Amino acid sequence: MNIIVVGISHKNTPLEIREKFSLTETQQDLLLSGLKNDPSVAEAFVFSTCNRVEVYANVLDAAKAFDIIRRLLFNVKKLWYTDELVKYFYCHQDKTAVEHLLRVTAGLDSMMLGEKQILGQAKAAFERARTQGMFTKCFHLLSNAAIRVGKKARHETDLGVGGSSVSWAAIAQAERELGSLQDKSILIIGAGKMSDLAVGHIHNKGFRQLYLMNRTPANAEDLAEKYSVPPGTVVPFCDIKEILAQVDVCICSVGAPHYILDKDTVGKIMPLRSHRRIIFIDISVPRNIDPLVAQIEHVKLFQLDDLQEVVGANMELRRLAVGQVEAMILDKSAAFFAKLAANAGREDFELLADV
């Protein structure tokens with residue numbers, strides 16, 4: 001058998017291409033189902049975040065599987081299988097594939113070096129595949145190794161020191177543009193994990209007025225209750241024009257399959273603001289704010305890939321830890337293959353054995 005990974009990430013693929021392949025939970029299940037029905041695939045899991053889409057598989061023939069997996073992904077996304085898109089995909093096999101996964105879960109391959117959220121996302125991907133019966137001996141052991149190296153990197157080195165999430169970077173970018181946020185009004189659209197983290201960062205820094213908006217108001221209410229923000233914070237989606245007329249910053253993390261704010265809508269809001277400056281930060285994938293919004297006078301729009309610069313200033317201590325983490329990865333990779341070889345053919349293999 002051969003362990004492979006097929007994927008795209010922020011390192012080699014621009015946002016406008018990554019968003020084409022972003023997978024909803026339903027699409028992840030469809031892709032896993034397609035992999036399960038292929039007799040050449042023994043095990044697999046799908047990893048989809050704002051910065052990467054990757055499929056890991058244990059297959060009979062690696063060369064054929066690379067193409068099979070890409071085509072399954074294109075079919076799920078209803079995209080034409082073209083050289084123009086295929087060229088963005090990387091393919092790794094065996095030791096290189098395993099070490100790539102360990103770098104991902106350790107946070108070395110993230111846009112935000114040492115990002116903490118990636119480990120939780122990996123656990124969710126593993127659990128989704130287990131639920132669909134796509135894990136057996138090899139991938140139980142591999143997922144265990146990946147989780148352990150991710151925890152070890154954060155607990156035993158400085159890789160996770162300071163802020164590290166995309167949400168943290170969004171708030172830091174707003175501060176770079178506007179200075180302190182304590183006298184500013186802020187709208188956060190969305191109530192998922194990224195929005196939760198953003199509210200936490202803002203709550204710690206202070207604000208003049210915070211608004212939370214979500215198509216499901218109950219989710220926004222839960223977020224407001226979690227951080228004990230003042231009454232009146234949760235506002236209905238139908239009031240978006242009125243709220244945008246007031247705020248200094250709008251952070252969007254919705255994940256809708258279309259733009260929820262376009263150039264025409266924002267253009268009509270600006271006279272209501274007396275053309276006062278507004279900052280939009282769209283951390284959604286696919287993007288939920290039309291890039292043409294940036295053409296409007298007194299409007300500044302930042303998208304996911306624009307946040308890399310703000311991250312760089314906080315990364316020096318983390319970079320010093322990279323060598324330590326790389327050594328951990330090499331050790332874990334060697335231990336994984338040794339454990340796999342030692343237990344080949346055994347029926348009493350301990351699935352969650354430490355590596």
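A cavity, on a 1 Å grid over the protein atoms alone, is a set of points where a 1.4 Å probe fits but cannot get out; a pocket is an open set with protein on both sides within 12 Å along at least five of seven lines; lining residues have an atom within 4 Å of a point. This is a predicted model: local features need pLDDT of at least 70, side-chain atom pairs count only at pLDDT 80 or more, and totals for chains, interfaces and linings use all residues. Residues are numbered from 1 along each chain as its sequence is written, and side-chain values use heavy atoms, with hydrogens and water left out.

**Exercise 1. Describe the largest cavity and its lining.**

Step 1. Count. The structure holds one cavity of 30 Å³ or more.

Step 2. Take the volume. About 70 Å³ of space lies in the largest cavity. A volume is the space filled by probe spheres set on the grid points, which are joined across faces, edges and corners.

Step 3. Find the lining. It includes Thr49, Cys50, Asn51 and Arg52, and also Ser110, Met111 and Glu115.

Step 4. Sort by class. Five lining residues are nonpolar, four polar and two charged. Here Ala, Val, Leu, Ile, Met, Phe, Trp, Tyr, Cys and Pro count as nonpolar, Asp, Glu, Lys and Arg as charged, and the others, Gly among them, as polar.

**Exercise 2. Describe the largest pocket and its lining.**

Step 1. Take the volume. The largest pocket has about 1,200 Å³.

Step 2. Look at the lining. There are 38 lining residues; Ser22, Leu23, Ser48, Gly255 and Val285 lie nearest the pocket's centre.

Step 3. Name the elements. Those giving two or more residues to this lining are α1 (15-21), α2, β2, α6 and α9. Helices (H or I, at least four residues) and strands (E, at least two) are DSSP runs, numbered from the N terminus. The largest share, five residues, comes from α6.

Step 4. Sort by class. The lining has 16 nonpolar, 14 polar and eight charged residues.

**Exercise 3. Trace the open sheet of four strands.**

Step 1. Write the order. It is β2-β3-β1-β4, with antiparallel pairing.

Step 2. Find the edges. β2 (41-48) and β4 (90-93) each pair on one side only.

Step 3. Zoom in on one pair. Strand β1 (residues 2-9) meets β4 over four bridges in the antiparallel sense. Val5 has His92 in β4 as its bridge partner.

Step 4. Helix α6 (residues 117-131) lies across β2 and β3 (52-59), at about 145 degrees to β2.

Conventions
Two strands pair if DSSP finds at least two bridges between them. Contact means heavy atoms within 4.5 Å. Axes are lines fitted to C-alpha atoms, for helices over the stretch in contact, and angles run from 0 to 180 degrees between N-to-C directions.
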